[in-house]
Amino acid sequence: MSYVSIFFQYASQYLKTRLTYRADALVEIISDLLSQAVNLIFILVVFGHTSLLSGWSRDEMIFIYGFFLVPFALFGAFFNIWDFTDRYIVKGEMDRILTRPIHSLFQIILERMELESLFGAVTGIVIMIVSASQLHLTFHWYDLFVFLLLAFSGAMVYAGIFISLASIGFWSDSRTDIMPMMYNIGNYGRYPVNIYNKVIRWVLTWILPFAFVGVYPSAYFLGKEEWYTYTYLTPVIGIVFFFISLFLWNKGVTKYRGAGN
Amino acid sequence: MAKYIEMIRIRFLMMLAYRTNYYSGILIYSINIGAYYFLWSAIYGDKGSIQSLSIGQMTTYIAVAWMARAFYFNNIDREIAMEIKEGKVAIEMIRPYNYLTMKMMQGLGEGIFRILFFSLPGMVIVYFLFPVSFSAHPLTWVYFLGSILLSFMINTQINLLTGIATFFLFNNAGLIRAKRVVIDLFSGLILPISFFPGWAQTVMDYLPFKGISYIPSMIFTEGFQGVQIWNGLMNQAVWVILLFLPIGMLWTLAKRQLIVQGG
């Protein structure tokens, strides 16, 4: 059986379980919407007091936030591995994963998917459309493909960072809070990087490249040519970070010794 | 009374036993304070002050708002929800104490632990990282302490309300999450209330949330002066008293319709 058909079978199974508890799923989507609304309100209120933020206007900031939501939703839907160490290493669940005929990481992605997070992408696209019309942006026919490429690259950046962190679990299963910390650092990517100081900007570009999830790809659609170099780098960074994480993962799996019985 | 003080003590010791879990929390809060610090620096640009807060006061506001959050924040809503779901609440109810008071005391034990082992060291770290300024007036500190105690009360009462709501909703994980998001915004944690447009401020005057973060933080940064401080403290105190009403009502209703399965 191919990976694609396994994926769709897991996805349909997942939808069945979620639809059994409709109210629960609905409340979850609503509370996601609420937290996105809070972030938008923040931007709106702040721009009641200033017209430009380090050279970015209100609608540009909103556009960046809208774009950020799309890769973040893709990541949230398929890479829920923040509790990997607790769930798979400490409890010994990894034993079961390794007996499955598909790649171990893919198996975990299938088990841990949360498709309702994809609603965040819808919100993001709506936000982008609204702010784009406020900004009178013009698009070419190929921009749709550029958008898809950049959004997937952003998701790969996120996935790469978090898979790398999860791989640490293969070497050390001691409890760390590095994952929630990383989620908070990821929020830095929602805003233009030129508001930060040089060190943080450098870290956000080359070490923990969260800037490639929001501001750098958005710059392309906003026509900010001074950032184009970084926009073009986005797919490269995405692929590099994703492959580094795959390498770490595959290396880690060989180190896995199992826990308990 | 002695039994409730014992509750505070036990929760404090319990937290103390797992204190290493909290060091990373300080880092997470510092990361958040950092994000808002840079954002606000960019927003201020070369403006001297916005809504009568200078950039220095704003930085202090963010730092103290987050560190005070460590004190008033607790998960007793989730704990109550768990105990209701697992049926443990039935045992709790026949024990010789008031369940809700006991929960509040546990929250207080947690809060005291966090202010000593989280907020104080956190403040020191933040002080070295960001241009935070502390008031030299001892009275400001006294007002601030009074104010965060009241903010703990308000936040805990709201948590009790959401917790008790489990009796009626059965599964309220979503409500708990939504409540947290709403409080972050309306309490003034991420934005001082005075930055909101006028109509929104009027609405928030009628809500208890600004007593959670805005009032204590404004007192600490000395954004409130003289009579404003007293008005703020009064506002908090009134809400503490008012919130006892819905809690009492919901609790009586909940006890009447409680069905424990198994347990």
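# A colleague's note on the two-chain model

1. Let us start with one residue. B:Glu222 counts as partly exposed because 16 other C-beta atoms lie within 10 Å of its own. As for the terms, a residue is buried with 20 or more other C-beta atoms within 10 Å, exposed with 12 or fewer, and partly exposed in between, the C-beta atoms being placed from the backbone. B:Glu222 sits in the loop between helix 11 (214–220) and helix 12 (227–257) of chain B. Its phi is positive, about 60°, although it is not a glycine. Helices here are DSSP runs of H or I with at least four residues, strands are runs of E with at least two, and both are numbered from the N terminus.

2. A word on what you are looking at. This is a predicted model, in which local features need pLDDT of at least 70 and side-chain atom pairs count only at pLDDT 80 or more, while totals for chains, interfaces and linings use all residues. Residues are numbered from 1 along each chain as its sequence is written, with chains lettered from A and ligands numbered from 1 in the order in which they are written.

3. How does the model score? The ipTM is 0.84 and the pTM is 0.88. Chain B has an average pLDDT (the predictor's confidence in each residue, from 0 to 100) of 89, and 98% of its residues score at least 70.

4. Now the place where the chains meet. Chain B brings 24 residues to the contact and chain A brings 27 residues. On the chain B side, helix 2 (23–44) and helix 9 (173–186) each supply at least two residues. Helix 2 of chain B gives the most, with 10 residues. By type, the chain B side divides into 17 nonpolar, 5 polar and 2 charged residues. In this scheme Ala, Val, Leu, Ile, Met, Phe, Trp, Tyr, Cys and Pro are nonpolar, Asp, Glu, Lys and Arg are charged, and the others, Gly among them, are polar.

5. Which residues does A:Val38 contact, leaving aside its neighbours within four places in sequence? They are B:Val181, B:Asp184 and B:Leu185, where contact means C-beta atoms, placed from the backbone, within 7 Å. A:Val38 counts as partly exposed, because it has 16 C-beta neighbours inside 10 Å.

6. A:Thr234 lies in helix 12 (residues 228–255) of chain A. It counts as buried because 27 C-beta neighbours fall inside 10 Å. Beyond the neighbours within four places in sequence, its contacts include A:Leu150, A:Ser153 and A:Phe212. A:Gly154 is also in contact with A:Thr234; the two are 80 residues apart along the chain, with their C-alpha atoms separated by 7.2 Å.

7. Back in chain B, which residues of helix 4 (residues 76–85) are buried? They are B:Ile76, B:Asp77, B:Ile80, B:Ala81 and B:Ile84. These residues lie on the same side of helix 4 of chain B because they cover an arc of only 145° around the axis, the arc being that of the directions from the helix axis to the C-beta atoms. The buried residues of helix 4 of chain B pack against several helices of the chain, among them helix 6 (99–129) and helix 7 (138–164). B:Gly87 follows helix 4 of chain B and has a positive phi near 80°.

8. Finally, the UniProt record. Its unreviewed entry lists "transmembrane region" for stretches of chain B that include residues 55–72 and 237–254; positions are in the numbering used here, feature names are shortened, and annotations may be inferred rather than shown by experiment. Residues 55–72 of chain B are 100% helix and 0% strand, with end C-alpha atoms 25 Å apart. For residues 237–254 of chain B, the span is 100% helix and 0% strand, and the ends lie 26 Å apart, C-alpha to C-alpha. In chain A, the unreviewed entry's list includes residues 62–82, a span that is 81% helix and 0% strand in the model.

Technical notes. Contact = placed C-beta atoms within 7 Å.
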